[in-house]
Amino acid sequence: MKKFIYTATLALGLLATSCSDQFLEDKKQYGVFNDDTFENEAQTGWFIDRLYYDFYSGYKGPGQNIVGLWEDRTALTEEKGGISDMIDPSKELDKSDDCSNYYGTAPATNVQNNPYTRIRNCNFIINNIDEVGVNISDSFKKTAKGQMYFLRGMQYFDLMRMYGGVPIVLEVENAEVENPSIKHPRASVSEVVKQILSDLDNAANMLPDKWGDADRGRFTRAAALAMKSRVLLMYASPLFNKDWDNTANQRWADALSVSLTAETELTSAGYGLYGNTAKEWNDMFIMDHGKNFCKEVIMVRLLSAGTTNTSENNGWENGIRLSSQSGGGGLTAPKEMIDLFPMKDGRSSYSS
């Protein structure tokens with residue numbers, strides 16, 4: 001036995017000495033990303049596309065309205081699911097442990113797709129691409145940062161909607177228990193809104209009004225301007241504004257000003273209402289807009305028609321369709337409600 005151990009140890013020693021330092025460097029764990037991300041535009045593009053997936057892969061139905069959250073949050077409304085901790089006015093959420101898992105979980109050895117993970121990934125590109133991306137064109141850098149500013153602003157907007165003020169982190173930081181410099185205080189709602197608007201302004205200045213067909217679905221200047229309007233409307237609402245019923249309140253004035261600016265600029269860029277007939281309004285949701293710009297679509301979540309494991313499909317529509325229509329029958333309507341709608345040929349449902 002001793003001879004065997006000695007022989008094995010000797011073999012391992014010879015193997016170790018025969019390995020080059022470059023081999024060990026190649027096998028080093030760098031984490032989720034490193035400077036190689038900016039080796040060329042293709043690799044950076046893959047990283048950006050992955051962030052789109054992390055943020056929006058759950059958007060496959062109307063119930064999914066929070067970025068990165070792959071579950072139906074409409075159940076939190078008292079009309080649908082009853083009072084929960086998130087909307088119970090008698091409860092205060094003072095610590096991160098009081099929040100739902102959406103806020104984040106304790107650092108783990110495996111990669112987490114949490115809000116501050118997504119913010120960290122956005123910060124990584126915003127802070128590094130100009131300096132490290134020496135092989136990347138200035139135009140690509142500009143749109144790359146524009147998309148990251150949009151994503152970061154959207155993530156903070158969703159955090160604000162759920163928790164009010166949250167810590168603002170704008171640099172890539174490592175999780176350390178004893179490092180006081182990364183223990184950011186909870187910012188006020190107004191500070192978070194200011195940061196969101198700054199990110200959306202940067203996005204609007206860096207993104208095009210429209211992308212080419214191959215990049216359809218990416219964020220645009222139009223989307224950033226429209227999202228600014230939504231943020232300020234939320235900020236002026238009763239959720240965050242004690243003076244909301246005062247028509248002279250400055251928050252409403254700011255929301256109106258930004259909304260009118262967005263409408264003017266989007267109209268000049270070719271956006272607006274689509275169609276003039278019921279058939280055109282119906283076709284708006286089913287026609288292939290990949291080669292036909294739909295001026296009513298400001299933000300779009302692209303899905304595929306395939307059914308493979310890698311396909312991204314909308315199962316919500318099939319799930320709510322009646323079983324008699326080969327649907328899932330998830331939501332049923334009384335016959336009296338169905339009879340209110342005419343048949344395809346215009347006849348009343350009551351007629352034989």
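Reply: Buried here means under 20% relative accessible area, with exposed over 50% and partly exposed in between (1.4 Å probe, protein chains only). On that count, 33% of the chain's 352 residues are buried. This is a predicted model, where local features need pLDDT of at least 70 and side-chain atom pairs pLDDT 80 or more, while totals for chains, interfaces and linings use all residues. Numbering starts from 1 along each chain as its sequence is written, and side-chain values use heavy atoms, with hydrogens and water left out.

Of its contacts (heavy atoms within 4.5 Å) with a separation of 6 or more, 58% join residues 24 or more positions apart.

Let's zoom in on α7, residues 221-236. Its axis lies 8 Å from that of α8 (residues 250-268), at an angle of about 160 degrees (lines fitted to C-alpha atoms over the stretch in contact, angles 0 to 180 degrees between N-to-C directions). The two helices are therefore roughly antiparallel (over 145 degrees; under 35 is roughly parallel, 65 to 115 roughly perpendicular, the rest oblique). The α7/α8 crossing is left-handed, i.e. the near helix is turned anticlockwise from the far one by less than a right angle; clockwise would be right-handed. On the α7 side, R221, A222, L225, A226, K228, S229, L232, L233, Y235 and A236 make the contact. Facing them from α8 are R251, W252, D254, A255, V258, S259, A262, E265 and L266. That contact has twelve nonpolar, two polar and five charged residues (nonpolar: Ala, Val, Leu, Ile, Met, Phe, Trp, Tyr, Cys, Pro; charged: Asp, Glu, Lys, Arg; polar: the others, Gly among them).

α7 also packs with α5 (residues 138-163), at about 20 degrees with axes 12 Å apart, so these two are roughly parallel. The α5/α7 crossing is left-handed. F150, M154, F157, M160 and R161 of α5 meet A223, A224, M227, R230, V231 and M234 of α7. By class, nine of the residues in the α5/α7 contact are nonpolar, none polar and two charged.

F150 also belongs to an aromatic cluster with Y52, F55, Y56 and F219 (Phe, Tyr or six-membered Trp ring centres within 6.5 Å; planes under 30 degrees apart are stacked, over 60 edge-to-face, the rest tilted). Within it, F55 and Y56 form a tilted pair, 6.3 Å centre to centre with 35 degrees between the planes. F55, at 0% relative accessibility, counts as buried, and Y56 counts as buried at 8%.

Key. Helix = DSSP H or I, 4+ residues; strand = E, 2+ residues; numbered from the N terminus.
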